[in-house]
Number of protein chains: 2
Amino acid sequence: MDKVELSIEEVSALATRCLRANGCDEANAKAVAATVTSAEADGSAAHGLFRLPGYVASLRSGKVDGAASPRVEQVAPSVVRVDGGGGFAPLALTVGRSALVECAKRQGVAALALVNIHHFAALWIEVEALVAEDLAAFAFTAYMPAVAPAGSTRAFFGTNPMAFGWPRDGGPGVVFDQASAAMARGEVMIAARDGHPVPIGAGLDAGGKATTDPKAILEGGTLLPFGGHKGSAIALMVELLAAGLLGQPFSFEAAENDNRDGGPPRGGELIIALDPTRFGDASGWRAHCESFFERLLALEGVRLPGSRRHALRATIAAGKVSIPAELHQRIVTLCSAN
Amino acid sequence: MDKVELSIEEVSALATRCLRANGCDEANAKAVAATVTSAEADGSAAHGLFRLPGYVASLRSGKVDGAASPRVEQVAPSVVRVDGGGGFAPLALTVGRSALVECAKRQGVAALALVNIHHFAALWIEVEALVAEDLAAFAFTAYMPAVAPAGSTRAFFGTNPMAFGWPRDGGPGVVFDQASAAMARGEVMIAARDGHPVPIGAGLDAGGKATTDPKAILEGGTLLPFGGHKGSAIALMVELLAAGLLGQPFSFEAAENDNRDGGPPRGGELIIALDPTRFGDASGWRAHCESFFERLLALEGVRLPGSRRHALRATIAAGKVSIPAELHQRIVTLCSAN
């Protein structure tokens, strides 16, 4: 496959230009481009420029408001709610973050309820931003039906990622961001694009049979949850937190509401942040946790969640990312042909 | 195996008598007995009377204070801390619950930090009690090394259960309580006792090889996390929340501190409770979620987490539970021979 090499600055400039050309105002374009760029900078192609045609499709169809202006409201002493106004998630996250950080540090634990947003990215980005403020954080969001509940052969849950992060001395902390699916939908899409098989257990075909063909999973089949009924329970929990708690669409409702333009449906996201200095070990928690990480990493074969991504980040920061030429050309075309 | 049939009232009376005879004061005996009885009443032998010899061992060795008086402190506007004073968890949970419920309803989200407790039970019990107050709730606790981190062949994480519950119209709500291990240690102990094999994937033997022999897992081997690196990440998260956040022992530290009397080590537990009426959909959340459950349960082969346990509860409430005669005799003996 032909590739184009881009610096991180070029990724950011291309994404911003493309979003601006398709109806995003400056604030929204910058926020979405920063999210896309962060993914490329971490070597996560599935959440990088690969998503840009989807973002553009939703701007062009009018499903997403590229000039949305998120509104922040303190709805309870420990709950901040941000109404994204039908825009993409990144600006709503940017706007809500400082209110959440302040609230969590004041209250000990706080939640950010993001509603009426279109989330089309990884969750580690928002979690890392909170970890950088020395908070521990969870994030949860639903999507559209893609994963069969344990025991079923029909997609019903979204891929429903759950992310968690913990601050460490120096560096980006420990952050995991994992789909409730055995394999993230983005990864299956990349495998389909590149013609690679996926492992048995990733999904079922339209007939409910196990398959290694990513296209059979994506076209009428279903992904499977990780770890059987336990991963399925986590997918259920994510639906309840990101939709039930926030008064936002469950994955099945998001699909019913969606115009199928290829971009992200409208929905909610829940973030919970905890301040480790407010639970009774204000002075000791950091060194205590570092002693734990030291013992854990002394075990052969162990690495911390996020460490591969953070290592890639260090490499990529000094060099360039490699984008499929066809994708690059498609994005360049989207910058003008509106 | 010979069995003894007991009513729920007889389970409760036997457990209370045994705990009182071994140094528990009335309040602690009642709280622990209620926990043991709840497990038996839900058909969960692994957390029922089966645990009583372990409770007694820790009272007799002096590791656990059977007359501990938990102290409640509001350490931040949304954080309640209960110092269990080296007692068993149930009384600390009972004492902290009303403070947590009040705090969560006032703040929207709140945390309960339980420290210096000895937790030897299922987490669904505390989660269900919060769900009964119309709160959503998470609970996390670590233990002693039993599960190998993904990539490793050495036990390091505890079985590290994570529980989550959601309130429903009528009935006990949806509650899951799942070990980060592919199979709970209690289940492996029951399999070892009864001479049953366990599935491949449950654990490794002392040489780091996969095995179906529960004894080989328990004696020098290790349990494995569910869902590979994703379950391992959850086990890691539980360590950080139940130990790192609370200034309590990580599983590896709990083992180093423990006197190996067969009862539970000293450690912490974190509970997070959220009030669904405080996130922006105060009037609609319940009906909205019921519509979701209806669609989910319409799928063939699906059942809600906890439903099997709740069905057993209904059956058992009307009848008796069946206890191995050897276990029953052992407990009766423990009631007197101190």
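**View 1. A kink in helix α4 of chain A.** In this predicted model, α4(A) bends by about 35°, with the kink centred on A:Gly96. The bend at a residue is the angle between two fitted axes, one for the seven residues ending there and one for the seven starting there. Helices here are DSSP runs of H or I with at least four residues, strands are runs of E with at least two, and both are numbered from the N terminus. α4(A) covers residues 89–107, 19 residues in total, and spans 25 Å from its first C-alpha to its last. That is close to the 27 Å expected at 1.5 Å a residue, where the expected span is 1.5 Å times one less than the number of residues. A:Gly96 is also one of the buried residues of this helix, along with others including A:Leu93, A:Leu100 and A:Cys103. Buried means under 20% relative accessible area, exposed means over 50%, and partly exposed is in between (1.4 Å probe, protein chains only).

**View 2. Helix α3 meets helix α12 in chain A.** Look for α3 (residues 52–60) and α12 (residues 325–336): their axes come within 10 Å and cross at roughly 25°. That makes the two helices roughly parallel. Axes are lines fitted to C-alpha atoms, for helices over the stretch in contact, and angles run from 0 to 180 degrees between N-to-C directions. Under 35 degrees counts as roughly parallel, over 145 as roughly antiparallel, 65 to 115 as roughly perpendicular, and the rest as oblique. Among the residues that meet here are A:Val56 of α3(A) and A:Ile331 of α12(A).

**View 3. The surroundings of α3 in chain A.** With 7 of its 9 residues buried, α3(A) is largely enclosed by the rest of the structure. The buried ones include A:Tyr55 and A:Leu59, and the buried residues pack against α1, α2, β3 and α12 of chain A. A:Gly62 follows the helix, and its phi is positive, near 85°.

**View 4. B:Leu204 in strand β8 of chain B.** B:Leu204 sits in β8 (residues 203–204) and is buried, with a relative accessible area of 8%. B:Thr153 is 51 residues away in sequence, yet the two C-alpha atoms are 7.2 Å apart. Neighbours within four places aside, B:Leu204 is in contact with residues including B:Thr153, B:Ile217 and B:Leu224; contact means heavy atoms within 4.5 Å.

**Notes.** Residues are numbered from 1 along each chain as its sequence is written, and chains are lettered from A and ligands numbered from 1 in the order in which they are written. Local features need pLDDT of at least 70, side-chain atom pairs count only at pLDDT 80 or more, and totals for chains, interfaces and linings use all residues, while side-chain values use heavy atoms, leaving out hydrogens and water.
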